[in-house]
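Biologist: Please take one part of this model and look at it closely. I would like to see the surroundings of the ligand, and then how the rest of the chain is built.

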Amino acid sequence: MPETLPYIKPKQHHNYVAFFLTLSCNLRCPYCINLHNGGPGYKRTGRKHMEVDEWIKAANRLVLRDDLPLSLQGGEATLYSGFYRFVNEVREDIKMDLLTNMMFDVDEFIKKVPPWRFTREAPYAAIRVSYHPGQNNIEELMSKAFKLRDAGFRVGIYGIEHPSIRDHILQTKERCTKLGIDFRTKEFLGEWEGRLYGTFRYEGSVCGDMMRHCECRTTEIIVDPAGFVYKCHADLYRGRNPFAHILDDDFNEDMIEEFRPCDFYGDCNPCDVKVKTNRFQVFGHTSVEIRNIGSPVKNNNLNVAGQAGNIFMPLQGKEDKRKEDTVKEWGTT
Ligand code: SF4
Ligand code: SF4
């Protein structure tokens, strides 16, 4: 590997750059779609963690616009052993966002992380905390949010409006808002009690009854713990078909624009295909573009892909293996 690598300069329409430093997590949300470190699914992927020096080298390749931070997520990104070195040693002009469950030691975080790293002009907080009722405690989250705010960080707490806990989430939002905490809710995407929530651009792409051939391309750079780059979150979580490595000498922003074949249309992650408003306030944007959706793929189920068929665990005792919880927002950090 050469000492210095060519720059990667995301284009105007490239919307997200994320390093999944680790998929390990210190919570066990029953609906989580991640392959936790040590679990059978995770082991099957054979994924390793990149060394922190390699992550630093990877981040230093990026030339990011002011409105495009490097997002750190997982799993729980702060569990990555090189987390503190990483946030301190990457080039200073690279601003970062952190998606976290905030189970970390907040005093250590304040001591070791310079606030400027997570400071930029944006309509939302750079440190975005997911509240998972029954897993992390809202009182603790609130007190940590206050501490971080007093230390100069901007923190927001997010709750998913899942139908089973919607009232609780809305009450929590009201309570936090009164206390001056930025608490936002996210739409639930996925299927629950026979109803599909969310607006998806491609029919049958989420919770589809069968897998189909298609061609797909993305607008994002998403990198797994081993440094592999994927065309969507469904692929990343399952460790299937990476198309590059972040340290490849010839990896550049043009490569993410290519349409690539996929045999898993029907297993798309909602966050990749949901219709949303982009940063120019134009409605109708999706993270991926899919074309040439064709015939069903014979014998193509999640296990055939060589990955965990059981990562979509039943929610609240429901028997349906997969259809209720196929949601990134609901199912990850
Ligand atoms: S079609 Fe769906 S599963 Fe296939 S690459 Fe695109 S988003 Fe991913
Ligand atoms: S949903 Fe997030 S916090 Fe919960 S177990 Fe999964 S990665 Fe951890």
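Modeller: Start with the shell around ligand 1. Four elements each supply at least two of its residues: β9 (212-218), α7 (233-238), β13 (260-265) and β16 (288-291). The largest share comes from β13, with three residues. In total, 15 residues lie around ligand 1. Those that come nearest are Cys216, Cys232, Cys262, Phe264 and Cys268. Keep in mind that this is a predicted model.

How far can you trust it? The mean pLDDT of the chain is 85. Of its residues, 83% reach 70 or more. Where pLDDT is low, the predicted coordinates should not be read in detail.

Now step back to the chain. It has 333 residues, and 43% of them count as buried. Its secondary structure comes to nine helices and 16 strands. Take contacts between residues at least 6 apart in sequence: 77% of them join residues at least 24 apart.

Next comes the sheet. Nine strands form an open sheet with mixed pairing. Their order is β6-β5-β4-β3-β2-β1-β10-β11-β12. At the edges stand β6 (182-186) and β12 (244-245). Each has a single partner strand, so one side of each is left without a neighbour in the sheet. Strands of a sheet pair through backbone hydrogen bonds, either parallel or antiparallel. For β5 (residues 155-160) and β6 the sense is parallel, over five bridges.

Look at valine 223. Leaving aside residues up to four places away in sequence, valine 223 touches Ala18, Phe19, Phe20, Phe228, Val229 and Ile246.

Finish with the backbone. Most residues other than glycine have a negative phi, and most peptide bonds are trans. The peptide bond from glycine 74 to glycine 75 is cis, with omega near 15°. Glycine 75 lies in the loop between β2 (70-73) and α3 (83-89). Methionine 102 is not a glycine, yet its phi is positive, about 60°. Methionine 102 sits in the loop between β3 (96-100) and α4 (106-112). Is methionine 102 buried or exposed? It has 23 other C-beta atoms within 10 Å, so methionine 102 is buried; the cut-off for that is 20 or more. Glutamate 193 also has a positive phi, near 45°. Its place is the loop between β7 (190-192) and β8 (195-197). Glutamate 193 has 9 other C-beta atoms within 10 Å, so it is exposed; here the cut-off is 12 or fewer.

How values were computed: Residues numbered from 1 in each chain as written. Chains lettered and ligands numbered in written order. Predicted model: local features only at pLDDT ≥ 70, side-chain atom pairs only at ≥ 80, totals over all residues. Pairing = 2+ DSSP bridges. Contact = placed C-beta atoms within 7 Å. pLDDT = per-residue confidence, 0-100. Near = placed C-beta within 6 Å.
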